[in-house]
Amino acid sequence: MSVSRTQHIVPGALVLLLAVSVAWLSYTGEPADAFLFPRLISFVMLTLALWNFARCLLGLAKVGEGVTPREYIALLPGFSVALVLVFIAAKALGFYVASFCAFFLLISLYDPAPHSAWRSWFKRLLVTCGFMAVIYILFSFLLQVQTPRGLFI
């Protein structure tokens with residue numbers, strides 16, 4: 001098996017594993033009414049992940065040149081922030097406060113604007129507030145689901 005094909009199969013398998021775990025959690029979670037939207041999304045995610053993995057196995061997914069080790073290293077800080085948000089911060093601080101902190105940290109890490117200019121920090125803060133407003137409206141009003149509670153709600 002070629003390196004290029006392996007670079008498609010491994011991420012496809014990881015996405016499929018993630019989709020299976022999300023589907024499993026959404027279909028086994030209680031109360032069942034609270035997991036109606038996650039069940040719908042997880043079913044769509046699982047279907048797309050299966051389709052993608054089949055394309056990878058058949059050699060039909062030949063997009064791009066693959067990911068270099070340098071690109072993997074560049075993604076590590078963002079992946080670390082996401083893990084801390086999901087497994088620690090959301091339950092400790094509350095979903096909205098933890099998400100605000102995580103998004104602000106991520107945008108600060110990956111925004112190419114200079115860190116020495118106050119305007120770039122103002123822009124990051126403004127974008128983070130806008131993003132969190134959209135997330136709040138989505139979860140509280142449109143989906144009407146309860147987010148993880150924590151120290152700061």
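Is Tyr-136 buried, partly exposed or exposed? Tyr-136 is partly exposed, with a relative accessible area of 40%. Here, buried means under 20% relative accessible area, exposed means over 50%, and partly exposed lies in between (1.4 Å probe, protein chains only). Below are some notes to read alongside the model.

1. **What you are looking at.** This is a predicted model, in which local features need pLDDT of at least 70 and side-chain atom pairs count only at pLDDT 80 or more, while totals for chains, interfaces and linings use all residues. Residues are numbered from 1 along each chain as its sequence is written, and side-chain values use heavy atoms, with hydrogens and water left out.

2. **Overall layout.** The protein has five helices and zero strands, giving the pattern α-α-α-α-α along the sequence. Helices (H or I, at least four residues) and strands (E, at least two) are DSSP runs, numbered from the N terminus. Of the 153 residues, 24% count as buried.

3. **The second largest pocket.** This pocket has a volume of about 250 Å³. Its lining is made up of Val-10, Pro-11, Leu-14, Val-67, Tyr-72, Leu-75, Leu-76 and Phe-79. Helix 1 (3–28) and helix 3 (69–93) each give at least two residues to the lining, and the largest share, four residues, comes from helix 3. By type, the lining residues are eight nonpolar, no polar and no charged. In this count, Ala, Val, Leu, Ile, Met, Phe, Trp, Tyr, Cys and Pro are nonpolar, Asp, Glu, Lys and Arg are charged, and the others, Gly among them, are polar.

4. **How the pocket is defined.** On a 1 Å grid over the protein atoms alone, a pocket is an open set of points where a 1.4 Å probe fits, with protein on both sides within 12 Å along at least five of seven lines; lining residues have an atom within 4 Å of a point. Grid points are joined across faces, edges and corners, and the volume is the space filled by probe spheres set on the points.

5. **Tyr-96 and Tyr-136.** The whole structure contains five aromatic pairs. One of them joins Tyr-96 and Tyr-136 edge-to-face, at 5.4 Å centre to centre and 65° between the planes. The pair links distant parts of the chain, with Tyr-96 in helix 4 (residues 95–110) and Tyr-136 in helix 5 (residues 118–142), 40 residues apart. Tyr-96 counts as buried at 17% relative accessibility. For the terms used here, rings of Phe, Tyr and Trp (its six-membered ring) pair if their centres lie within 6.5 Å; planes under 30 degrees apart are stacked, over 60 edge-to-face, and the rest tilted.

6. **Phe-104 and Trp-121.** These two form a tilted aromatic pair, 5.9 Å centre to centre with 40° between the planes. Phe-104 lies in helix 4 and Trp-121 in helix 5, so the pair ties together parts 17 residues apart in sequence. Both partners are partly exposed, Phe-104 with a relative accessible area of 23% and Trp-121 with 31%. Trp-121 has another neighbour to look at: the charged end of Arg-124 sits over its ring, 4.6 Å from the centre. A charge sits over a ring if NZ of Lys or CZ of Arg is within 6 Å of the ring centre and within 35 degrees of the ring normal.

7. **The aromatic cluster and Phe-95.** Phe-95, Tyr-96, Tyr-136 and Phe-141 form one aromatic cluster. Phe-95 lies in helix 4 and counts as buried at 17% relative accessibility. Phe-95 and Thr-147 are 52 residues apart in sequence and 6.1 Å apart in space, C-alpha to C-alpha.

8. Ser-99 is in helix 4 and is buried, at 9% relative accessibility. Its C-alpha is 9.4 Å from that of Ile-135, 36 residues away in sequence. Thr-128, in helix 5, is buried with a relative accessible area of 0%. **A loop glycine.** Gly-29 is found in the loop between helix 1 and helix 2 (36–57), and counts as buried at 12% relative accessibility. Gly-29 and Arg-39 are 10 residues apart along the chain, and their C-alpha atoms are separated by 9.8 Å.

9. **Cysteines.** The structure holds zero disulfides, a disulfide being a pair of cysteine sulfur atoms within 2.5 Å. Cys-101 is partly exposed, with a relative accessible area of 42%, and Cys-129 is partly exposed too, with 39%.
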